[in-house]
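Look at the structure below and follow its aromatic rings, then its open space. The text takes these two topics in turn.

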Amino acid sequence: MSRCALLAPALIGLGSVLASAGAMAGQNVDYQVDGEAFQGYFAPATSSSKGSVLIIHDWDGLTDYERKRADMLAEAGYDAFAVDLYGAGNRPEEIDARKAEMAVLYDDRERMRRLTLAGLTQAREQGAGEDTVVMGYCFGGAVVLEMARANADEGVRGFATFHGGLDTPEGQGYSADTPPILVAHGGADASIGMDQVAALSEELEAAGAPYEIQVYSGAPHAFTVFGSDRYQARADQASWAAFHQLLRRALEQQDQG
């Protein structure tokens, strides 16, 4: 089968979502972590499940953007759970408030990891498959790499970050047994420069960790965000197709032995 044929289902699925504004297919899920209330979103596969995806939100918290991505994945045959790292009802709208919420988790990496793993547990309690790929956008992408470095759950088979933070905190690092990592980055990202992309590549290479970095020319930061001034369809479609390739390798092909 040709590469174009492999990419076609992912691109068709993306196009159908962009062309419609239908109701969400999944449902909100209320849960607690150490007595704190959170609200995630679960969209089960609309056909026989091929595995599961944990989605980590951007700096504005879990919104309809992550819900839409979860529905897209469900339509493609994956159980998708969008985790809530801020708390139920906490969806900051002002830039300073968003920065403050991110800072809480950047300053407390243990809490960041704990809340993410709690979301993964909740996904499985909802019926999501054990084998999982963790993905995230912007701030969520930085959390994805935090989880890749921790590599704390045996069921996680891969990681994907879209225009996310790439820095590695002092004292942390990757290992050769880290599941495959996909980094989707905009070549015109003014927030996260190519020097950081190169530094991450060198770090992953030195660790022997499996990775793939794709850079999309002319794509700015947040190039996947539907309806925004920064949205670039070409880069969004290409990165979404690359992500589906990771899903097939990490979740489907291993089931075939």
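In this predicted model, tryptophan 240 has a relative accessibility of 2%, so this residue counts as buried, the limit being under 20%. Phenylalanine 243, at 0%, counts as buried too. Both residues belong to helix 7, which covers residues 233–255. They are three residues apart there, about one turn of the helix.

The structure holds eleven aromatic pairs. A pair of aromatic rings is described by the distance of the centres and the angle of the planes. For tyrosine 65 and tyrosine 137, the centres are 5.0 Å apart and the planes stand at 80°, so this pair is edge-to-face. Tyrosine 65 is in helix 2 and tyrosine 137 in strand 5 (residues 132–137), so the pair ties together parts that are 72 residues apart in sequence. Tyrosine 65 and tyrosine 137 are both buried. Tryptophan 240 and phenylalanine 243 also form an aromatic pair, a tilted one, with 5.6 Å from centre to centre and 45° between the planes.

Now turn to the open space. The largest pocket has a volume of about 570 Å³. It is lined by 27 residues, and the closest to its centre are Asp58, Met102, Cys138, Phe139 and His221. Helix 2 (64–75), helix 3 (95–106) and helix 5 (139–150) are the elements that each give two or more residues to this lining. By class, the lining has twelve nonpolar, seven polar and eight charged residues.

Definitions and conventions:
Residues are numbered from 1 along each chain as its sequence is written. This is a predicted model: local features need pLDDT of at least 70, side-chain atom pairs count only at pLDDT 80 or more; totals for chains, interfaces and linings use all residues. Side-chain values use heavy atoms; hydrogens and water are left out. On a 1 Å grid over the protein atoms alone, a cavity is a set of points where a 1.4 Å probe fits but cannot get out, and a pocket is an open set with protein on both sides within 12 Å along at least five of seven lines; lining residues have an atom within 4 Å of a point. Grid points are joined across faces, edges and corners, and a volume is the space filled by probe spheres set on the points. Helices (H or I, at least four residues) and strands (E, at least two) are DSSP runs, numbered from the N terminus. Ala, Val, Leu, Ile, Met, Phe, Trp, Tyr, Cys and Pro count as nonpolar, Asp, Glu, Lys and Arg as charged, and the others, Gly among them, as polar. Rings of Phe, Tyr and Trp (its six-membered ring) pair if their centres lie within 6.5 Å; planes under 30 degrees apart count as stacked, over 60 as edge-to-face and the rest as tilted. Buried means under 20% relative accessible area, exposed over 50%, partly exposed in between (1.4 Å probe, protein chains only).
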